[in-house]
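Let's take a friendly walk through a protein model, one part at a time. Have the structure open while you read.

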Amino acid sequence: MAAAIAETAGSLRDRATAEAAIRAENDHLAAEHVRLLQAGLVLDLVALDAIDTDRMARDRDPDAETDGALDELILSIRETGLSNPIRVEPRADGRYGLVQGLRRLTAYRRLLEETGDSARWGRIAAAMLPPGQAPADLYRRMVDENMVRKDISFAEMARLAIDYAADPGTPGTDPDAAVSVLYRSAGYQKRSYIRAFIPMVAALGSALRHAPALSRALGLALAQRLQAAPETAAAIRADLAARPERTVEEELDILRRHAGAAETAPPAAVAPVPGQ
């Protein structure tokens, strides 16, 4: 009887020791997962239809590509695979909010639509970010990635500053101030150009279908023209609306015509907007 009791006690001690070891290991794994998650190093394959792109305003509409870059990206992914995962923020409802990688996600969606191969293109590699991050931090992540691209236009950067200021989840409502937040790593002159574009982009709004093709010189000329004659904005919008199926070059021709003599002015003719 004593031997049985001793054996039972020993078994209970062994079980308690084993359970404590398991709890310690689980705590370690949980802490390691949190560390990796905070560093953006947790990867998973996420279904395309579980990813939402409305978490933040975007600096670029992937359907507005004018240089074939998206087609090149699709071809590259088709032939060699995805070299850089997108970044998403897990949501409480089980879905994911896109933070970085709109063009990569769009490429996958195009490939799935073209091929119907959900086994290959129905999920995309995504780095998980800690949930609940401040909107301003998420915007900065997106902008910092996109600033690496040399082809991002001033009109797109101005549009993002406008949308950022209008987002109820971000601090402040001034687009000029948003430039300092979003484009902190850009030089003073570049931020001045972005600020110069803001009134022009705000005045023309969604009438600009091919904003990525708008050059710095033409954009600054339009900004100068609208500053001198604000009523010109209505005439530009009317001319653009009259050509709903216009090409990139047709839109640029309309904008050049309204820019008039101001188009030939050097960029310095538009005074930098005060502020950093």
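## Buried rings first

A residue counts as buried when its relative accessible area is under 20%, as exposed when it is over 50%, and as partly exposed in between. Keep that in mind as you look at this predicted model. Take Phe-154 and Tyr-193: both of them are buried.

How many aromatic pairs does a search of the whole structure find? The search turns up three. In one of them, the ring centres of Tyr-108 and Trp-121 are 5.3 Å apart and the planes sit at 80 degrees, so this pair is edge-to-face.

## The nonpolar cores

Now for the largest nonpolar core, which has 43 residues. Leu-182, Tyr-183, Phe-197, Met-200, Leu-214, Leu-222 and Leu-255 have the most contacts inside this core. Which helices supply at least two residues each? They are H5 (135–146), H6 (154–166), H7 (175–182), H8 (188–204), H9 (216–228), H10 (232–241) and H11 (248–259). Another core lies apart from this one and has 21 residues, including Ala-50, Val-88, Leu-98 and Leu-102.

Back to Phe-197 for a moment. Leaving out residues up to four places away in sequence, Phe-197 touches Phe-154, Ala-155, Ala-158, Leu-214, Ser-215, Arg-216, Gly-219 and Leu-220. Ser-153 sits in the loop between H5 and H6. Is Ser-153 buried or exposed? Its relative accessibility is 6%, so Ser-153 counts as buried. With the residues up to four places away in sequence set aside, Ser-153 touches Ala-211, Pro-212 and Leu-214.

## Strands side by side

Strand S4 (residues 96–100) is mostly covered, with five of its five residues buried. Strand S2 (residues 51–52) runs parallel to S4, and two bridges join them. Asp-52 has Gly-97 as its bridge partner in S4.

Strand S3 (residues 86–90) pairs with S4 in the antiparallel sense, over four bridges. Here Val-88 has Leu-98 as its bridge partner. S3 and S4 form a hairpin with five residues between them, and Gly-94 in the turn has a positive phi of about 90 degrees.

## A helix you can check

Helix H3 (residues 102–115) lets you do a quick check. Its 14 residues should span 20 Å at 1.5 Å a residue, and the end C-alpha atoms are 20 Å apart, so the two values agree. Which residues of H3 are buried? They are Leu-102, Arg-103, Arg-104, Leu-105, Thr-106, Ala-107, Tyr-108 and Leu-111. Just after H3 comes Gly-116, which takes a positive phi of about 70 degrees.

Another helix, H11, holds Val-248. Val-248 has a relative accessible area of 24%, so this residue is partly exposed. The C-alpha atoms of Val-248 and Arg-209 are separated by 8.2 Å, although these residues are 39 apart along the chain.

## Salt bridges

Last stop: the charged side chains. The count comes to nine salt bridges. Asp-52 forms one with Arg-91, where the closest N and O atoms are 2.8 Å apart. Asp-52 lies in strand S2 and Arg-91 in the loop between S3 and S4, 39 residues apart. With 17% relative accessibility Asp-52 counts as buried, whereas Arg-91, with 26%, counts as partly exposed.

Arg-78 and Glu-114 meet in a salt bridge too, at 3.0 Å from N to O. Arg-78 is in helix H2 (residues 69–80) and Glu-114 is in H3, so this pair ties together parts that are 36 residues apart in sequence. Arg-78 counts as partly exposed because its relative accessibility is 32%. Arg-246 and Glu-251 form another salt bridge, with the closest N and O atoms 2.6 Å apart. Both Arg-246 and Glu-251 are buried. Finally, salt bridges that share partners join Asp-52, Arg-91 and Arg-95 into one network.

Notes. Residues numbered from 1 in each chain as written. Heavy atoms only, no water. Core = buried A, V, L, I, M, F, W, Y, C linked by side-chain atoms within 4.5 Å. Buried < 20%, exposed > 50% of the residue type's maximum accessible area, 1.4 Å probe, protein only. Contact = heavy atoms within 4.5 Å. Pairing = 2+ DSSP bridges. Expected span 1.5 Å × (residues − 1). Phe/Tyr/Trp six-rings, centres within 6.5 Å; stacked < 30°, edge-to-face > 60°. Salt bridge = Lys/Arg side-chain N within 4 Å of Asp/Glu carboxyl O.
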